[in-house]
Amino acid sequence: MTEPLRLTPERLYASPALSGPAQRAVKFSPDGRRVTFLKPRADDLSRFDLWQFDVATGAETMLADSALLDPADAELSEEEKALRERRRIAGVRGIADYSWGTADKILVPAGGDLFLITLKDAGPDVRRLTETDSFEYDAKVSPRGRYVSFIRNEALFVIDLASGEETQVSPDARPEAAVRYGLAEFVAQEEMDRYTGYWWSPDERYIAYTEVDESGVDIIPRFDIAADAVTVIEQRYPRAGQPNAKVALHVKDFETGRTDRIFSVGPDDYLARVNWTRESLWIQTVNRAQTEIRFNRTDGLPWRIWSPFREEQSRWVNLTNDFLALPDGSLLTTHETTGYRHIYRRNPATSDLQQITFGDWVVSELLGFDAASGMIYFTGFMDSPLERHLYAVPVGWSDAQVAARRAARLPNSACIDLNPGSNLLTKECPEVRRITPEGGSWSVALGPGAQSYVGTFSSPTQPPQTALYRIDGTRIAWISENALDDSHPYAPYLASHTVPEFGTLRAEDGQMLHYSIQLPPDFDPAKRYPVIVEVYGGPHVQRVSRDWRPLGDQFYTHQGYIVFRLDNRGTWNRGKRFEDVIHRRTGGPEVADQLKGVEWLKSQPFVDPDRIAIQGWSYGGYMALMVYAQAPAGTFAAAVSGAPVTDWALYDTFYTERYMGTPQDNAEGYHLSSVFAHLDGLTGPLLLIHGMADDNVTFDNTTRLMAALQARSQPFELMTYPGQRHGIQGEALQLHLMRTRMAFLDRHLKGTAP
């Protein structure tokens with residue numbers, strides 16, 4: 001009998017991708033006739049081309065060949081490298097992004113220049129818009145398709161597509177004064193998910209853009225260490241407790257030519273979101289303590305700004321992109337007032353607020369609204385915290401109904417109180433309808449008019465598959481069925497495929513913790529196995545979910561390891577109480593929860609309690625160190641820590657202060673949350689890994705730990721990657737990283753000689 005084929009590290013990172021084709025940036029055309037996406041090449045999984053799916057015919061064709069637009073594979077500018085690093089697409093080559101204009105025009109940046117694709121019956125027509133020595137990026141087509149806007153040399157430009165005339169909108173950047181225009185500053189990109197610094201009004205009359213003044217931000221010299229050179233980069237990096245950038249907002253009026261400076265924040269406030277509606281410009285700001293999101297509004301000249309409402313939390317507020325203007329002028333937003341993120345409808349004129357969704361579960365993303373049916377569409381976790389689904393819910397009361405209910409002194413919410421005046425909670429709420437089937441997790445792009453959607457589904461037994469659906473969930477056509485048939489790249493390994501089992505444990509405060517455990521393909525319950533605890537454990541991330549799992553986990557199980565993951569308190573999609581336990585003291589409750597998981601592991605008869613290791617990257621690298629250091633002696637046989645924060649005073653303002661406050665007002669919390677407070681526990685086998693050009697978790701986090709361990713004469717192992725930032729990119733380096741990890745783990749968990 002033939003032995004089932006097992007994954008090798010070489011195949012894990014080779015092309016074609018084992019999980020099948022992975023579309024990125026899936027978008028509908030404005031008229032809904034096409035679905036476009038970026039698709040990797042079969043022979044090079046890091047190079048992406050632009051493709052289209054014709055909704056009427058089902059035909060799939062390439063729209064833009066990245067090798068033709070950028071044959072030289074141009075070197076990225078430092079700004080573009082940083083932006084891609086922030087967006088977690090640093091490894092993408094070819095076409096990294098694109099944007100729709102009108103129904104027949106697509107803007108494609110490639111090789112540092114801009115190309116406009118016009119769709120015609122005879123085929124796509126490609127027009128080159130720029131050809132300069134400078135790098136153009138953050139390019140957009142204006143809402144009605146008249147202009148293309150972009151950033152060049154840290155200033156904002158537009159091109160009139162009819163005349164081809166290029167105009168500089170903002171002043172020149174002033175590098176000597178650390179002033180730039182139309183950009184998002186570091187913490188906006190890295191921590192707020194705001195990657196742009198300019199916004200068009202819907203009628204194209206106005207464009208709002210930022211002026212970023214970083215002159216007060218500390219310069220942190222960063223040694224960008226490559227294989228053959230060392231470059232000293234003076235990075236403006238606002239570390240916890242230190243000054244932030246000052247950000248002003250300007251508005252250019254294309255009708256009159258006038259530019260007004262209308263608003264400014266900083267260094268003790270943040271510009272978080274900018275949204276245009278038909279009537280207004282909305283500016284969301286967050287205070288330095290991050291306990292308040294203020295919704296500021298202006299309705300045009302003279303640009304008088306006021307704050308109709310705000311969201312407040314006692315610990316911290318979480319930002320979202322959930323802001324949708326309805327045809328009647330009301331707004332749909334999401335808030336965590338009840339402790340769980342839910343949808344609210346607000347009348348900006350009166351500030352009346354109606355809650356639309358209810359319950360002990362969270363809304364993930366507000367997608368859109370169908371005015372004809374009055375239905376709101378969103379993704380969320382109503383059925384299970386392990387599965388994200390598409391849902392629909394009625395919009396709730398009209399303004400007239402709200403007024404009538406107020407007059408009758410009835411609750412101003414979308415629920416009807418069936419027993420008013422009683423303490424008995426008997427409410428009838430609008431029915432939330434799940435559209436997508438259970439069994440896995442979904443990501444969704446809603447079509448124009450909310451009549452259809454593109455849905456991508458995956459489960460532990462099905463890699464991501466993408467299809468076009470009617471809004472009721474009926475499939476129209478596959479875009480990528482990605483069936484696990486004999487032709488699939490993963491087919492040779494199906495016989496060895498392992499599926500995680502899911503379970504729950506109780507934290508010390510009674511809250512539920514979800515875990516997954518993945519056993520080797522030839523699992524024998526009579527044997528005892530080594531275990532790799534894969535940890536992240538940080539805010540805004542969920543690692544235990546019912547979807548296609550990382551193939552690295554498959555590889556580990558094929559090597560005879562059990563893989564265990566647990567989402568501790570402080571992680572995402574479980575509500576504020578679950579998150580808030582880490583307030584002003586990270587590395588405490590999360591560690592207790594991970595040790596609860598290890599305690600459960602050690603009680604299983606098939607686990608070898610003397611052969612358990614823990615590993616993680618970024619916050620997971622921090623957690624690997626903190627759990628390893630605080631665990632009772634003998635709990636772990638080894639630990640691997642990649643790109644760890646070792647002292648929160650070294651990390652940026654917006655992320656760190658959200659959870660920890662500042663070092664000035666929480667010195668004890670910073671001390672106890674630092675790896676350096678727990679060095680006595682770091683006495684076992686330890687592998688440290690870091691990219692030597694990391695501009696996010698800077699390399700000095702690891703070098704300081706190295707020095708501290710050396711001062712104690714404590715041995716450890718180290719692997720650094722010249723030229724690599726926060727993620728290790730490229731097939732060869734990823735293969736090297738996996739081989740390095742496995743050599744270390746095999747040595748300490750299996751006794752395998754190097």
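**Exercise 1.** Find how much space lies in the second largest cavity, and sort its lining by class.

*Solution.* Start with the volume: about 50 Å³ of space lies in this cavity. A cavity is a set of points on a 1 Å grid over the protein atoms alone where a 1.4 Å probe fits but cannot get out, and lining residues have an atom within 4 Å of a point. A volume is the space filled by probe spheres set on the points. Next, list the lining: P385, L386, H514, Q542, V544, D567, T571, W572 and R574. Finally, sort by class to get four nonpolar, three polar and two charged residues.

The model is predicted: local features need pLDDT of at least 70, side-chain atom pairs count only at pLDDT 80 or more, and totals for chains, interfaces and linings use all residues. Residues are numbered from 1 along each chain as its sequence is written, and side-chain values use heavy atoms, leaving out hydrogens and water.

**Exercise 2.** Which strand gives the largest share of the lining of the largest cavity?

*Solution.* First, note the volume of about 70 Å³. Strands here are DSSP runs (E, at least two residues), numbered from the N terminus. Strand 23 (292–298) and strand 26 (331–335) each supply at least two lining residues. Strand 26 has the largest share, with three residues.

**Exercise 3.** Is helix 9 largely enclosed or open?

*Solution.* Count the buried residues (under 20% relative accessible area, 1.4 Å probe, protein chains only). Eleven of the twelve residues qualify, so helix 9 is largely enclosed by the rest of the structure. Among them are Y619, M623 and A629.

Definitions and conventions. 1 Å grid on protein atoms, 1.4 Å probe; cavity = no way out; pocket = protein on both sides within 12 Å on 5 of 7 lines; lining within 4 Å. Helix = DSSP H or I, 4+ residues; strand = E, 2+ residues; numbered from the N terminus. Nonpolar A, V, L, I, M, F, W, Y, C, P; charged D, E, K, R; others polar. Buried < 20%, exposed > 50% of the residue type's maximum accessible area, 1.4 Å probe, protein only.
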